[in-house]
Amino acid sequence: MEVVLRALIMYSFLMVIFRIGGQRTLAQITPFDFVLLLIVGEATQQALLGEDFSITNSLIVISTLITIDIIFF
Amino acid sequence: MQERSADRRLKVGSPSFHQKNWITAIFGQALIGIFVVASIVGLFGGGIYSDVSRQSTDATVQANFARITRYQSPSEIRLAIDGDVTTNGTAAVHLSRSFTDHIEISSISPEPESVAINGDALTYSFEVESGQDKLTATFYITVERIGRISGEISAGDGEPVHISQFVFP
């Protein structure tokens with residue numbers, strides 16, 4: 001259950017934070033935006049997986065993210 | 001060759017293809033949803049269904065552990081030990097090697113006084129203050145084997161409690 005909650009919270013937070021951050025088209029992304037995306041990805045990975053790097057845990061995280069995407073978007 | 005590609009394109013764009021594609025997508029999405037719900041419940045570890053409590057027949061030791069867990073995922077075994085098994089201010093907890101050989105014990109709370117190999121078991125000795133009815137000890141572990149692992153835990157000369165875990169990859 002914790003895994004599903006982690007994925008739900010992180011996905012929701014990232015959606016909100018990037019909406020607040022403003023919309024830019026892909027062509028307008030600066031190198032700073034690109035670096036920021038890389039760092040956010042690294043920070044998100046740790047929050048999603050925690051200390052559990054098993055295949056099953058990854059499958060649960062991915063399935064939860066896909067399910068949220070299907071339901072809400 | 002071009003005619004074969006054209007035929008394939010026609011089939012791909014046909015209503016029957018779209019219908020099959022739609023049915024397959026719905027079926028796949030339902031499977032993913034069931035998988036997520038099963039994860040929430042704990043069928044793959046970390047939920048209500050996966051946590052279990054077992055007690056020895058003479059009630060000297062009670063073990064709370066996860067019967068379903070994941071490979072190298074942090075887990076814990078909480079033991080409640082009857083104070084009557086204490087001998088000379090020390091409580092001995094025996095974990096069978098059939099279980100400990102497949103796990104890595106990260107830490108134990110409280111820290112035992114000593115660890116000894118006792119036949120086919122490891123014996124952890126905890127210092128106990130006199131007059132305590134119930135002792136609690138927690139073993140923080142990670143399982144290093146996929147599949148089913150099992151073993152026994154006992155305290156002092158009491159009866160063992162059987163523990164069994166299924167480990168997903």
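Across the interface of chain B and chain A, 5 residue pairs are in polar contact, both residues at pLDDT 80 or more; a polar contact is a pair of N or O atoms within 3.5 Å, where within protein one must be able to donate a hydrogen and the other to accept it, and residues adjacent in sequence count only if both atoms are side-chain atoms. Helix α2 (residues 15–41) of chain B gives the most to the side of chain B that touches chain A, with 6 residues. Helices are DSSP runs of H or I with at least four residues, numbered from the N terminus.

This is a predicted model, in which local features need pLDDT of at least 70, side-chain atom pairs count only at pLDDT 80 or more, and totals for chains, interfaces and linings use all residues. Residues are numbered from 1 along each chain as its sequence is written, chains are lettered from A in the order in which they are written, and side-chain values use heavy atoms, with hydrogens and water left out.

| Interface of chain B and chain A | Value |
|---|---|
| Residues of chain B in contact with chain A | 16 residues |
| Residues of chain A in contact with chain B | 17 residues |
| Area buried between chain B and chain A | about 1300 Å² |

Contact means heavy atoms within 4.5 Å, and buried area is the accessible area (1.4 Å probe) lost by two parts on being put together, summed over both. Carbon and sulfur atoms account for 68% of the buried area. The one salt bridge between the chains joins the side chains of Arg70(B) and Asp52(A) at 2.7 Å, N to O; the term requires a side-chain nitrogen of Lys or Arg within 4 Å of a carboxyl oxygen of Asp or Glu.

Thr64(A) lies in helix α3 (residues 55–72) of chain A. Thr64(A) counts as buried because its relative accessibility is 3%, the cut-off being under 20% relative accessible area (1.4 Å probe, protein chains only). Beyond its neighbours within four places in sequence, Thr64(A) is in contact with Val4(A), Ala7(A), Leu8(A) and Val36(B).

Conventions
Helix = DSSP H or I, 4+ residues; strand = E, 2+ residues; numbered from the N terminus. Buried < 20%, exposed > 50% of the residue type's maximum accessible area, 1.4 Å probe, protein only.
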